[in-house]
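Subject: Structure handover

Hello,

Here is the structure I promised to pass on. Please open it beside this note; my findings follow.

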Amino acid sequence: MPVSVAPLDLAGVTIPHHFRCPISLELMRDPVTVCTGQTYDRASIESWVATGNTTCPVTRAPLTDFTLIPNHNLRRIIQDWCVAHRSLGVERIPTPKQPADPSLVRSLLDSAAASSFTASRVAALRRLRSLARESDKNRAVISTHETRSTLVEIAFEGGEQLELPEADQPALEAMAVLAMLPLTETESAAVASRPERLCRLGETVTRHPSMEARINAAAVIEAVAVGARSAETRASVGGTNGVMQGLVALAEQRANPRAVRVGIRGLFALCLAKENRGRAVAAGAAAAVVGRLGELASSDAKRALATVELLCRVEGGREAVVAGWGGGEAAVVALVRAMAGKASWRAAEHAAGALLAVLGPSEALQMEAVAAGVVGHLLLLVQGGCSDRAKRKAQLLLKLLRSAWPHYDSIANSDDFLRPF
């Protein structure tokens, strides 16, 4: 340990060395003790272990047990020290919430699976749901293979048909917890390989009177599609009666941002399979997605643009996308604006891909794109730090726009964007 430490920059206060994390050298906010007896800030030691280190950073002794024990006494002493120096600008560290106890999770899971009383099962599942909502750490504790597999079994009790409200409650609560957890390929297959389970998802996402139940079912559909990693499995999910229609209906819920977000994420996950893109177009996905595009956060806007690009690749998809924006000129302007947005390079790439399909052979739309300033954005894509795939799409658009860009020939032969990738 260092004998002296640098002062806290903003407050000009020297932090006692035993209040500092040996890894980050910052004031510990959530001190925890490892099996070697050394204390670290939780975030620092978790990052240390997550990067593959198996020794104690201070003693270099092997970490034979990765359990982190909260050092409540030291944390209270640090909090008291913060309060004592409040007049010098030191803010008191908050008392951290501890992750869920794995033994509590197992107990709740046993009650949910084994109890013969519906009320007890529902209470246990609601407690699990509450814990999962609290933090990422809790979800990490809850999200074990045993927990997810048990929740899948409970969520699909009763076959494909919706039950009476009272009997259906444990299944709905289990699905609400599953909606917050990722699924492995095996767990996804446990749903997708059972037609009655897929039918249950389709029934819930389209016909259930509770909007929350429909949203949770959509989140499970996305988790199954993402976890499957198989186009064939995704196609079977997307081909289930009601699934596409339910996701589209959620994406159209203007007054419910969570419904829109979950609906679009589900559509994107399913449209990764070619077989599902025509189904999505037929269900009205194009209009639903483009209609909500301006309301989405950057990560979801990226998925929405990727979905639009995928839909444009199937018969009738381009026309549906253009109609969703109210015409070709409006579609071009919207996609150029999406390229100019600050979401990400990936969002700009997907906008460029969709624009390629929308412009097609139409000289009028090509001129509209040039007038909207697309050339500058394409040059940024070509010369920027984006992927080679994005640069190729930008190159294709620049070549397509040659006749609509009077000054194209003076720049078009530059190695900056016409070199092969």
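First, a helix pair. The axes of helix 18 (residues 328-340) and helix 20 (residues 363-371) come within 9 Å and cross at roughly 35 degrees. Axes here are lines fitted to C-alpha atoms, for helices over the stretch in contact, and angles run from 0 to 180 degrees between N-to-C directions. Helices are DSSP runs (H or I, at least four residues), numbered from the N terminus. The crossing of helix 18 and helix 20 is right-handed. Right-handed means that the near helix is turned clockwise from the far one by less than a right angle; left-handed means anticlockwise.

On the helix 18 side, the contact uses Gly328, Glu329, Val332, Val333 and Val336. Helix 20 brings Leu365, Glu368 and Ala369. Contact means heavy atoms within 4.5 Å. By class, five of these residues are nonpolar, one is polar and two are charged. The classes are: Ala, Val, Leu, Ile, Met, Phe, Trp, Tyr, Cys and Pro nonpolar; Asp, Glu, Lys and Arg charged; the others, Gly among them, polar.

A note on provenance. This is a predicted model, in which local features need pLDDT of at least 70 and side-chain atom pairs count only at pLDDT 80 or more, while totals for chains, interfaces and linings use all residues. Residues are numbered from 1 along each chain as its sequence is written, and side-chain values use heavy atoms, with hydrogens and water left out.

Next pair: helix 10 (residues 211-228) and helix 13 (residues 257-271). Their axes come within 9 Å and cross at roughly 25 degrees. So helix 10 is roughly parallel to helix 13 (angles under 35 degrees count as roughly parallel, over 145 as roughly antiparallel, 65 to 115 as roughly perpendicular and the rest as oblique). The crossing of helix 10 and helix 13 is left-handed.

Helix 10 makes the contact through Met211, Ile215, Asn216, Ala218, Ala219, Ile221, Glu222, Ala225 and Val226. Helix 13 answers with Arg258, Ala259, Val262, Arg265, Gly266, Ala269 and Leu270.

Thr307 is in helix 16. Thr307 is buried, at a relative accessible area of 0%. Buried means under 20% relative accessible area, exposed over 50%, partly exposed in between (1.4 Å probe, protein chains only). The Thr307 side chain reaches the backbone oxygen of Arg303 at 2.8 Å.

Ala301 sits in helix 16 (residues 298-311). Ala301 is buried, with a relative accessible area of 11%. Ala301 and Lys391 are 90 residues apart in sequence, and their C-alpha atoms are 20 Å apart.

Arg292 belongs to helix 15 (residues 285-292). Arg292 is buried, with a relative accessible area of 6%.

Ser111 lies in helix 3 (residues 102-114). Ser111 is partly exposed, at a relative accessible area of 31%. From Ser111 to Leu293 is 182 residues in sequence and 43 Å in space, C-alpha to C-alpha.

Best wishes

Definitions and conventions: Helix = DSSP H or I, 4+ residues; strand = E, 2+ residues; numbered from the N terminus. Polar contact = N/O pair within 3.5 Å; in protein donor to acceptor, adjacent residues only side chain to side chain.
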